[in-house]
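Colleague: Thanks for making time for this. Could you walk me through the model you have open?

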Amino acid sequence: MPKFAANLSMLYQEHAFLDRFEAAAQDGFKAVEYLFPYAFAKQDIAARLKAHGLQQVLFNAPPGNWDAGERGLACLPGREDEFRVGMAQALDYAATLHCPRVHVMAGLLPTGATHESLYPTYIANLRWAAQAAAQQGIDVLIEPINTRDIPGFYLNRQDVAHAVLADVGAPNLKVQMDLYHCQIVEGDLAMKLRKYLATGKVGHLQIAGVPQRHEPDLGEINHSYLFALLDEIGYSGWIGCEYRPANAQPGGTSAGLGWLKAYL
């Protein structure tokens with residue numbers, strides 16, 4: 001039976017961030033993920049995890065200047081030192097939070113640059129990050145993201161992501177397969193799950209309804225079919241619920257969890 005992690009960056013928006021842990025636990029979640037923990041002391045987050053019996057399963061390495069529109073540093077020449085400092089900070093948090101995986105965002109394609117011109121930087125940064133993370137037994141994840149949500153994002157397709165893994169050659173570098181992004185860019189989700197889960201190189205799944213990015217029982221994807229397929233395949237990892245509740249009012253996250261009841 002699939003295991004679901006609440007994405008606290010998107011869910012329970014009526015609560016302050018540190019109070020979202022309790023809200024998730026009250027709704028039956030056993031694990032959480034979110035974008036970034038760095039605005040909060042790692043000890044404070046660890047205390048919330050322990051108090052509510054939650055497992056931390058994923059967060060992102062620092063993405064550069066998020067408020068200014070940056071969406072990762074890994075592909076950007078000249079930002080290597082900043083990338084390494086950020087990755088060290090992520091691994092420090094991961095150690096305290098007992099988090100087994102960190103997502104490294106690729107970044108945006110700069111004006112005038114090509115994917116090919118940035119590729120050596122991307123590979124070198126990922127190789128360094130994977131080596132650093134391996135010392136702590138942590139997986140580094142890369143995620144193909146659609147360019148409707150993030151125009152200009154460097155990494156968009158599953159096949160390209162798996163080619164990157166092959167070129168880096170690190171056993172702890174894996175793909176974060178977000179079915180929302182995959183459906184928008186490529187579709188054919190069931191066949192892609194069969195193909196890529198068989199490689200052992202998918203380290204985490206995420207879901208949301210398409211196209212509005214609401215609950216997984218809303219929109220064009222038949223998630224119940226895909227969840228049954230994951231059971232058939234034998235996927236035992238976590239599935240991150242990275243969606244925006246259709247009901248944006250206080251209590252909307254909890255009210256929209258009818259789809260989850262069969263899996264608790």
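Colleague: Happy to see it! How many aromatic pairs does the structure hold?

Modeller: A word on the source first: this is a predicted model, in which local features need pLDDT of at least 70 and side-chain atom pairs count only at pLDDT 80 or more, while totals for chains, interfaces and linings use all residues. Residues are numbered from 1 along each chain as its sequence is written, and side-chain values use heavy atoms, with hydrogens and water left out. Rings of Phe, Tyr and Trp (its six-membered ring) pair if their centres lie within 6.5 Å; planes under 30 degrees apart count as stacked, over 60 as edge-to-face and the rest as tilted. By that rule, the number of aromatic pairs is 15.

Colleague: Which kind of pair do Phe17 and Phe21 form?

Modeller: A pair of aromatic rings is described by the distance of the centres and the angle of the planes. For Phe17 and Phe21 the centres are 5.5 Å apart and the planes stand at 85 degrees, so the pair is edge-to-face.

Colleague: Are Phe17 and Phe21 buried or exposed?

Modeller: Buried means under 20% relative accessible area, exposed over 50%, and partly exposed in between (1.4 Å probe, protein chains only). Phe17 has 11% relative accessibility and Phe21 has 0%. Phe17 therefore counts as buried, and Phe21 is likewise buried.

Colleague: How many residues apart in sequence are the parts tied together by Tyr38 and Phe59?

Modeller: The rings of Tyr38 and Phe59 have centres 6.2 Å apart and planes at 85 degrees, so this pair is edge-to-face. Helices (H or I, at least four residues) and strands (E, at least two) are DSSP runs, numbered from the N terminus. Tyr38 lies in the loop between strand S2 (31-33) and helix H2 (42-51), and Phe59 lies in strand S3 (residues 55-60), so the parts tied together are apart in sequence by 21 residues.

Colleague: Which residue has its charged end over the ring of Trp66?

Modeller: A charge sits over a ring if NZ of Lys or CZ of Arg is within 6 Å of the ring centre and within 35 degrees of the ring normal. Here the charged end is 3.6 Å from the centre of the Trp66 ring, and it belongs to Arg71.

Colleague: Let's turn to the strands. Which residue is the bridge partner of Val102 in S5?

Modeller: Two strands pair if DSSP finds at least two bridges between them. Strand S4 (residues 101-103) and S5 run parallel and are joined by three bridges. In S5, the partner of Val102 is Val140.

Colleague: Which residues of strand S5 are buried on each side?

Modeller: In a regular strand the side chains alternate between the two faces of the sheet. Strand S5 (residues 139-142) has both faces covered.

Colleague: Which residue in S6 stands opposite Ile142?

Modeller: S5 pairs with strand S6 (residues 173-178) in the parallel sense, over three bridges. Opposite Ile142 stands Val175.

Colleague: One last thing: what is the phi of Tyr12?

Modeller: Tyr12 lies in the loop between strand S1 (3-7) and helix H1 (20-26). At 1% relative accessibility, Tyr12 counts as buried. Although Tyr12 is not a glycine, its phi is positive, at about 60 degrees.
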